[in-house]
Amino acid sequence: MTVIDRNHVQVRGDGQRAMIFSHGFGCDQNMWRFVAPAFEADFKTVLFDHVGAGRSDLTTYDARKYSSLSGYADDLVEICRALGLTQTVFVGHSVSAMIGVIASLEAPELFESLILVGPSPRYINDDDYFGGFSAAEIDELLESLDDNHMGWSAAMAPAIMGNPDRPELGEELTNSFCRTDPEIAKAFARVTFTSDNRSDLPEVTARTLILQCRDDIIASEEVGEFVHRQVPNSQLVVLNASGHCPNLSAPDEVISAIRRFVR
C-alpha cells in the first residue's frame, strides 16, 4: 500500500505551488471543504486523512508509531516526498498545527510557509505558561473519553465548535467525532492533549501565519500570542470568528487571511 492510499490523499488544482491541508483531532479532510477549493486556481491543493481518521486505511494504524505527534509528522513528510513536493504552504488546524511544525523541522526544504489555525503547543498549564487546562482537567477529559466515547463526543463537540446560535455546526463535529474508531480516538486524544511542543517553536524557520479565534476553549488568545512570540518570522491574525473550527464556522475569514499571507 502506498502512502497515497493509506492516507486517502486527494490532489486537486492547477497551480505550480502546493498547499497542503491537515485536519484536527476527531475530524477528516472534509473539514476543509469550504476553504481548500478557493485555492485550486492558484495552487495544487493536497488533502489527506491522518491514519485512523476519515477514509484512511485503519489497518495501517500502529499504536507505537502514533504514540507521539512525530509519527503523524513522518506521514506528512512521506506524503510530500511521494508527490515530489517542495517549498509547500502547509495549513494545519488544531493538533495538526504542531504536526506541521514538527514536520518542518524534520524536513525544512518541504515547507516554505506554515499556516497554523488554532495552534497550541501544550494544553496543560505549567508554571508561568497558561495552556488552558490543569493536569487534573486533562486527566478527567481523557477518563471521560475512555468511559464513554459517544457521550463525550456529544458533550464536547458543541463546546469545541462554539457558535451556539448555529447548532448544526456542533452537530457536524459531534458526528465526525462519533465516526472515529473509539480506540484510535482515545489514543490520539491522549497524544494530543498531553503533548508539549513548546521547545520546537523557536526552531521553526518557515514563514508562519497564526490564525487565532475568539472565545476558543481549546486554544485561547493567550496561547496564540505565546506561539507568535516563540516562532520567529511569524504573524498573528485574530479572526472575528469564535470557537475552535473557523474552517467550518467562518471559512471566508480564513480564506481571506490565507490569501493575504501567501501573495
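Analyst: His 8 counts as buried because its relative accessibility is 17%. Buried here means under 20% relative accessible area, exposed means over 50%, and partly exposed lies in between, all with a 1.4 Å probe and protein chains only. This is a predicted model, in which local features need pLDDT of at least 70, side-chain atom pairs count only at pLDDT 80 or more, and totals for chains, interfaces and linings use all residues. Residues are numbered from 1 along each chain as its sequence is written, and side-chain values use heavy atoms, without hydrogens or water.

His 8 sits in the loop between α1 (3-6) and β1 (10-12). Helices (H or I, at least four residues) and strands (E, at least two) are DSSP runs, numbered from the N terminus. The backbone of His 8 has a positive phi of about 45 degrees, though His 8 is not a glycine. Asn 7 is in the loop between α1 and β1 too. Its relative accessibility is 0%, so Asn 7 is buried. What does Asn 7 touch beyond its neighbours within four places in sequence? The list is Gln 29, Phe 48, Asp 49, His 50, Val 51, Ser 56, Asp 75 and Ile 79. Contact means heavy atoms within 4.5 Å.

Gln 87 also has a positive phi, about 50 degrees, and is not a glycine. Its place is the loop between α2 and β4 (88-93). Gln 87 is partly exposed, at 42% relative accessible area.

Now to α2 itself. Val 77 lies in this helix, which spans residues 69-82. With 2% relative accessibility, Val 77 is buried. Its contacts, leaving aside neighbours within four places in sequence, are Ala 103, Glu 106, Ala 107 and Leu 110. Val 77 and Ala 103 are 26 residues apart along the chain, and their C-alpha atoms are separated by 6.2 Å.

Ser 120 is in the loop between β5 (111-117) and α4 (135-147). It is buried, with a relative accessible area of 2%. Its side chain reaches the backbone oxygen of Arg 122 at 3.1 Å. Such a polar contact is a pair of N or O atoms within 3.5 Å; within protein, one must be able to donate a hydrogen and the other to accept it, and residues adjacent in sequence count only if both atoms are side-chain atoms. Neighbours within four places aside, Ser 120 is in contact with Met 98, Tyr 129, Ala 219 and Val 223.

Phe 261 belongs to helix α10 (residues 251-262). At 4% relative accessible area, Phe 261 is buried. Not counting residues up to four places away in sequence, it touches Ser 113, Leu 114, Ile 115, Arg 207, Thr 208, Leu 209 and Gln 235. Phe 261 and Ile 115 are 146 residues apart in sequence, and their C-alpha atoms are 8.8 Å apart.

Rolling a probe the size of a water molecule over the atoms shows where empty space is left. A cavity is a set of points, on a 1 Å grid over the protein atoms alone, where a 1.4 Å probe fits but cannot get out; lining residues have an atom within 4 Å of a point. Grid points are joined across faces, edges and corners, and a volume is the space filled by probe spheres set on the points. There are two cavities of 30 Å³ or more.

The largest cavity holds about 110 Å³. It is lined by 14 residues, and the closest to its centre are Phe 25, Ser 94, Ile 160, Phe 177 and His 244. Helices α6 (167-179) and α7 (182-194) each supply at least two residues of this lining. By class, the lining has nine nonpolar, five polar and no charged residues. Ala, Val, Leu, Ile, Met, Phe, Trp, Tyr, Cys and Pro count as nonpolar; Asp, Glu, Lys and Arg as charged; the others, Gly among them, as polar.

The second largest cavity has a volume of about 60 Å³. Its lining consists of Phe 25, Gly 26, Cys 27, Val 51, Gly 52, Ala 53, Tyr 72, Thr 180, Ile 184 and Phe 188. Seven of these are nonpolar, three are polar and none is charged.

Definitions and conventions. 1 Å grid on protein atoms, 1.4 Å probe; cavity = no way out; pocket = protein on both sides within 12 Å on 5 of 7 lines; lining within 4 Å.
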